[in-house]
Structures are given as structure tokens and as C-alpha cells.
Amino acid sequence: MIAIVLKKLLDFYNAQTYTVSLIYITGRHYQSALSLMSEQNLPVPHVLITDVGTGIYIGDSLKPDLEWSAFLEKSWMPQQIDAIARVIPGLVSQNLPITTRCSYFASDLAIVEAFRSQLNKAGIPHKLIYSGGRDVDILPAGSGKGQALQYILDKYKLNTAKVLVAGDSGNDVEMLTLGFPSVIVGNAQPELLKQTEHPSIYRAKQEFAGGIHEAWRYFYTD
């Protein structure tokens, strides 16, 4: 059923007279994102943004955007972050095969706040995102899904294009509230559904790709 709805959405975009660019923005790391694309037979995007906005890959060959990587590395301190994490009771490393973010599991908000407090006390530049009631992502300052998307729109001068941002999890809030037409799809996690109303966000009744199609018709009639 999901595959049928996705095909309907892709057929809709292929039938348009304007050029459509596809950007995936995910919390998955690069290899995990590629595996999902292969398993679900998803089209290769024009831009792949991974690791909660810390990795950007462009074009048919999905080459890394080295300019973005260099920007993030300027103030990134993963060793210092991990050292602090190891002394926070209840914080468990996710042991991901990447160094562009530090990710942990925490079952209690108090654990997250203790971690945040220690990072701030140490003066470590970072962005902390807590989502799903368990996932703690520490990102380089200036990164994140929203910042990565804005970087791409600026780089390719796409700010006047028709844009639709779609999300289903708590770590999507930042990009959904950039001010572009956005949609919370019907199958979104409860933490995202609980977000306060925002003038640029449409709450779709349909799930997955169906929610994206529903929102596109809501925002754009031509």
C-alpha cells in the first residue's frame, strides 16, 4: 500500500511542467540511508542530508559537500563530548559508525538535562536534540536538519522555488518551522503531533507519501 501511494506521488511530480528536485533529510547515517533507499526502492534524491543535518551528499553519485563539512568541523569537539557523556549516569552511546555527530540513548529527561548542563559548563559549542523519548543527538553548532536545508536552498539559489518540507518525528521540528510550507504527515510520532500550531505547517490526514501529496495540493493549486 505504501509503495502504491509513493508511486502516485512520484507520478504526480513527474507529470508537472516545472522541474522537481527531491531532497531526503534523515537522522540515519549515510550507509543506513542508502540501505533504506535500496530496500524500499526509493528514487535517488538530488540531495541527501543525513545524520540529523550533519552530512550533505549531492548529485547522482551523492558526493559529500566538503564546504558544509569544513564549516561544521571548525568548532566540533566529539572527543570532549564523549568524555562528558561517559560520566553521565543513564546515558548510553549508540555506537554509530560516524564522527559527525555524537548520539546516545536516555530514558529520562533529567538525564538529558544533566548532559546539557555539563556540556554548557564545559563551554563546548553544540546543538542538543532529544527526540522519540530516548534519542539524544549532539550536533556541531550551526548544524541540524533546518540549517542543512537552508544551506542547500541558499547554495543553489532556491529560496524562491516552491518548497514543501515534510516530517514525521521530533527532530524534524527545526526544519518544519523554517517558515516554508511544511507538512506533518498523518503517521507522525506523538511528540511531533503535540507541537503547537504554526502558520506554515499543514497537518495531513493521509500518512507517508499520501500526506505529502495532500499538503502539496493544499499549498499549491497549479
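This is a predicted model: local features need pLDDT of at least 70, side-chain atom pairs count only at pLDDT 80 or more; totals for chains, interfaces and linings use all residues.
Residues are numbered from 1 along each chain as its sequence is written, and side-chain values use heavy atoms, with hydrogens and water left out.

**Entry: glutamate 67**

I placed glutamate 67 in helix 3, residues 66–73 (helices are DSSP runs of H or I with at least four residues, strands runs of E with at least two, numbered from the N terminus). Setting aside neighbours within four places in sequence, I listed Tyr151 and Lys155 as in contact with glutamate 67 (contact means heavy atoms within 4.5 Å). I also noted isoleucine 56, which is 11 residues from glutamate 67 in sequence and 9.6 Å from it in space, C-alpha to C-alpha.

I traced an open sheet of three strands in the order 9-10-11, with parallel pairing (two strands pair if DSSP finds at least two bridges between them). Strand 9 (165–167) and strand 11 (201–203) are at the edges with a single partner strand each, so one side of each has no neighbour in the sheet. Between strand 9 and strand 10 (residues 182–184) I recorded three bridges, and I noted isoleucine 184 in strand 10 as the bridge partner of glycine 167.

**Entry: aromatic rings**

I recorded 12 aromatic pairs in the structure (rings of Phe, Tyr and Trp, the last by its six-membered ring, pair if their centres lie within 6.5 Å; planes under 30 degrees apart count as stacked, over 60 as edge-to-face and the rest as tilted). Tyrosine 202 and phenylalanine 219 form an edge-to-face pair, because their planes stand at 75°, with ring centres 6.4 Å apart. This pair links distant parts of the chain, since tyrosine 202 lies in strand 11 and phenylalanine 219 in helix 9 (residues 208–219), 17 residues apart.

For accessibility, I noted tyrosine 202 as buried at 16%, phenylalanine 219 as partly exposed at 23% and tyrosine 220 as buried at 15%. Ring pairs join these residues into a cluster whose members include Phe12, Tyr13, Tyr18 and Trp216.

How values were computed:
Buried means under 20% relative accessible area, exposed over 50%, partly exposed in between (1.4 Å probe, protein chains only).
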